[in-house]
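Please look through the sequence and the model before reading on.

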Amino acid sequence: MSVRDAEELEALLGDPADDANPYGFAAAVGRDERDAFPAEFCAELARAGFHLNYLPKEWGGTFEAFDRSLTLVRSAARRDVNIMPGTMFSIIAATCLQLHGSVEQQQLAAEVLRGGGAVGFALTESAHGSDLLANEVALSADGVLDGEKWMVGLGLRCEAVYVVARTGARGPGAFSAVLLDLRDVPAGQLERLPAAATNGMRGIDLARLRFTGLRVADGARVGREGEGLEAAVKAQQAVRLMSMAGSLGIADSAVRIALDFAAVRKVGRAVLASSPWPRRELSVAAAALLAADVSALTAARGVHVVPEAFSVWAPAAKHVVAESCEELVRRAGAVLATRSVLREGEGGAGLFQKLQRDTAVVRVIDASTLANLKSYAGQVPTLTEGGAAAADPGALSALFALDAALPAYEPGRLDMFARGADPVLAALPEAAAEVSAALAADASAAPVAAPVAALVEELATAVAGLGGLTRAARGPGADPNALVDAAERYAWLHAAGCAVHLWRANRDRSLYGTEPGSAGWLGAVLGYLLARADGTDPRRRGAVLEPALDAALALRESGLLFTALPVRLATNRREES
């Protein structure tokens with residue numbers, strides 16, 4: 001069996017608000033309290049073929065496109081984000097093997113993964129964290145592996161592991177990769193130990209793998225000597241797409257809990273959703289959620305069209321999604337007030353506590369905020385100072401038109417460095433002019449046309465200034481943090497550019513449950529993203545954010561996922577006003 005889409009998955013897993021549902025919220029909170037791995041949940045997903053949705057078809061998988069996989073994972077993760085590491089941690093090792101593994105190595109991985117097993121990925125070390133060039137685990141010239149890797153996903157139970165080890169003296173070329181079949185490792189050469197427990201995503205399998213004189217079998221080396229780190233860094237671009245699905249799953253549940261509460265809780269005669277202060281907080285949360293959805297969805301499609309740009313696009317999208325979801329959880333918590341800090345009780349109290357902890361872990365699970373920004377900061381000048389190179393209109397149309405077929409995903413086109421102008425921002429002046437003209441010509445858009453057009457113009461001006469900003473950041477006497485700050489601003493503006501292109505390419509269809517061509521959601525997303533780019537409180541954007549809340553309330557009332565092309569959810573039982 002293989003689930004075909006998120007609605008089919010929702011129907012299979014049932015109502016998450018049913019306390020008796022083993023795939024629901026109460027079960028997730030119970031596992032969290034016990035630090036328990038979601039074994040039964042993962043087994044059910046495996047029976048449904050969920051784990052096949054990121055494997056290429058030539059490996060026996062059902063992968064079609066990253067936007068489909070993103071929505072599937074998000075739908076499951078809204079119930080418990082722990083299923084993401086429980087079922088998806090092998091994606092990075094699989095991508096590395098797609099990039100430079102032999103046919104035999106790919107067949108080994110495919111066999112393990114098709115059967116519901118795991119292939120671990122061992123890169124980082126406790127003493128060095130994100131400073132990968134300082135890693136010490138070494139593979140000697142005669143093929144003996146020594147040292148300890150940490151935070152290896154599914155490391156206690158994986159049948160095979162992809163290990164990046166030192167084979168040279170210095171630099172990125174000093175690291176090679178091996179694929180170890182752990183089912184026949186001699187005793188005493190490998191020790192599997194639990195990694196330090198995390199505050200969120202409790203019970204997931206993170207391990208330390210300690211190698212002691214482990215003799216690597218002939219044929220275990222992956223690719224050529226010295227290319228292990230390069231393949232790992234490229235593969236992490238795909239991993240960031242899936243980590244965004246985890247963030248969005250958490251965000252969906254957090255906002256839904258807050259809206260459920262605000263729809264029935266009264267202050268005086270008015271429900272919270274209609275009271276000024278809670279409504280403003282919820283508007284920010286809803287705008288952050290839509291902004292995160294735009295960023296993740298367009299990135300998931302973009303990797304099919306312009307994978308060469310993903311050394312920047314992937315970490316930039318990861319930053320926007322992780323930081324937006326962290327903020328919306330905080331805003332939702334402000335509305336829930338005391339209920340946001342309760343470990344138990346009705347109204348999702350215990351669940352919200354879990355969501356708060358989980359989002360902090362997802363935010364850093366593949367890179368800390370600073371490490372993520374630094375990973376592409378040096379590339380931003382290339383994208384912003386090279387002039388507005390013409391973008392391929394056909395490629396951009398396929399990328400942003402949600403009914404357009406995507407080209408096949410080609411991981412071999414992923415690159416370590418982006419080259420040339422950013423295709424999204426290079427095409428923004430033309431898109432901005434077209435959007436502004438369309439708003440001015442649409443009489444039905446009149447109430448929101450002027451403020452949205454002003455935001456589009458503000459975005460175009462900000463994007464035009466990126467080149468000067470990055471030049472100043474590299475100039476003499478510049479603040480040593482200036483380039484990282486420029487990379488962060490770039491991320492927010494890039495996401496805003498994606499929102500403009502998305503609206504432009506889908507004017508004839510409903511997005512976020514609104515009428516076709518509705519610009520309210522676009523204004524809310526731009527208002528939120530521009531505020532974050534400027535480092536100001538999004539609440540200062542005021543009423544422009546409210547259409548995001550109206551859209552979220554309507555989607556909630558209809559039982560739909562908070563995404564551009566809404567998915568019908570399994571019934572959520574809640575007390576109605």
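## About the model

The model is predicted, with local features needing pLDDT of at least 70 and side-chain atom pairs counting only at pLDDT 80 or more, while totals for chains, interfaces and linings use all residues. Residues are numbered from 1 along each chain as its sequence is written, and side-chain values use heavy atoms, with hydrogens and water left out.

## The largest pocket

The largest pocket has a volume of about 1,600 Å³. A pocket is an open set of points on a 1 Å grid over the protein atoms alone, where a 1.4 Å probe fits, with protein on both sides within 12 Å along at least five of seven lines, and lining residues have an atom within 4 Å of a point. The volume is the space filled by probe spheres set on the points, which are joined across faces, edges and corners.

The lining is made up of 48 residues, and Thr 124, Leu 132, Gln 236, Asp 366 and Ala 367 lie nearest the centre of the pocket. Helix H8 (228-264) is among the elements that give two or more residues to this lining, and H8 gives the most, with nine residues.

## Two residues

Ser 75 is placed in helix H4 (residues 66-77), where helices are DSSP runs of H or I with at least four residues, numbered from the N terminus. Ser 75 counts as buried because its relative accessibility is 1%, and buried means under 20% relative accessible area with a 1.4 Å probe and protein chains only, whereas exposed means over 50%.

Thr 338 lies in the loop between helix H10 (310-336) and helix H11 (349-362), and Thr 338 counts as exposed because its relative accessibility is 53%.
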